[in-house]
Amino acid sequence: MGKIDKSKYSKIKLMIELEKLKLQAERYKTENKIEFFEPFEHQERALGHIFNGKKTVLLQGGNRIGKTVLGACVVGMACLGYKPWDKGDSIFGKGPVRVRVICVDWEHHAAEVVVPALKEWLPVGSYETKKNNTGVDAFWKFRNGSTIELMTHVQDTKQHEGWKGNLVWADEPLPRDKYIANKRGLVDCGGVFLMTMTAVYEAWVLDEIVLKNDMSIGCVTEVPMRANPLLKDEDIRNFTVALPDDEVESRIRGGWLQLSGRVLKEFDR
């Protein structure tokens, strides 16, 4: 039996240990993704409005610009009591805080968009969830006592009233009556209403938030799909050709669908 090459054996052992460390690092990154959040320029501007004391903050633009990601990370910052991606302070304090997330409906938007985004970005093991009668994780509680409650547009406005908390996040534009009902719940805590949306409906948002001369409102608007540097031009073009002309304005260019046709659409020089 030949002698064992100790140097070769040591190299193999080292390679195995390095591979284990690599897998551990990948797992940590997956389970604590919010710590590795790197905001795009438009997301950074929206965060700036929050940290500069704006009480209503809007990020409006095309599809796939990271609107839902921003909302999930702001919710995570509020509930965890610090800013995980740079270890900075949260404007909401160290907690516990109460957060409400407004979805369009339970079956599609809550179950297939918002809940997966929260689970993707919030640290694994930092919270527990309870399902509602539709099978959606509608109530979240963190170790420090912070909570998240999911609501939808389809619920009666009266069900949105009577709540008070620190942060409301509406992912996609919501009816005005539900905005007012939830906004009222932020008064006691001086809370923040974050709205992330593509402007395909609810024209009141343009008139009463974007165009309103109110120093408590901060808006980042008309962000085009190409503002996401991770998207490929070919993929954007393929999506564009599948859309009606009107929707190209809102979903690709980041404009306002409800303005289409209002100004000189039939103009004949």
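How many aromatic pairs does a search of the whole structure find? The search finds 7 aromatic pairs, where rings of Phe, Tyr and Trp (its six-membered ring) pair if their centres lie within 6.5 Å, and planes under 30 degrees apart count as stacked, over 60 as edge-to-face and the rest as tilted. This is a predicted model, in which local features need pLDDT of at least 70 and side-chain atom pairs count only at pLDDT 80 or more, while totals for chains, interfaces and linings use all residues. Residues are numbered from 1 along each chain as its sequence is written, and side-chain values use heavy atoms, with hydrogens and water left out.

**Aromatic pairs**

- The rings of phenylalanine 37 and tryptophan 121 are edge-to-face, because their centres are 5.8 Å apart and their planes stand at 80°.
- Phenylalanine 37 lies in the loop between α1 (6-31) and α2 (41-51) and tryptophan 121 in helix α4 (residues 106-121), so this pair ties together parts that are 84 residues apart in sequence. Helices (H or I, at least four residues) and strands (E, at least two) are DSSP runs, numbered from the N terminus.
- Phenylalanine 37 and tryptophan 121 are buried (under 20% relative accessible area, with exposed over 50% and partly exposed in between; 1.4 Å probe, protein chains only).
- Phe37 and Trp121 also belong to one aromatic cluster with Trp85.

**Charges over rings**

- Lysine 33 sits over the face of tryptophan 121, at 4.6 Å from the ring centre; the criterion is NZ of Lys or CZ of Arg within 6 Å of the ring centre and within 35 degrees of the ring normal.
- Lysine 29 lies over the face of phenylalanine 36, at 5.5 Å from the ring centre.

**Helix packing**

- α2 and helix α3 (residues 67-80) pack at about 35°, with axes 11 Å apart; axes are lines fitted to C-alpha atoms, for helices over the stretch in contact, and angles run from 0 to 180 degrees between N-to-C directions.
- Gln43, Ala46, Leu47, Ile50 and Phe51 of α2 make the contact with Val69, Leu70, Val74 and Met77 of α3, contact meaning heavy atoms within 4.5 Å.
- The residues of this α2 and α3 contact comprise 8 nonpolar, 1 polar and no charged; Ala, Val, Leu, Ile, Met, Phe, Trp, Tyr, Cys and Pro count as nonpolar, Asp, Glu, Lys and Arg as charged, and the others, Gly among them, as polar.
- Helix α8 (residues 233-240) and helix α9 (residues 245-252) cross at roughly 145°, and their axes come within 10 Å.
- In α8, Ile236, Phe239 and Thr240 meet Val248, Arg251 and Ile252 of α9.
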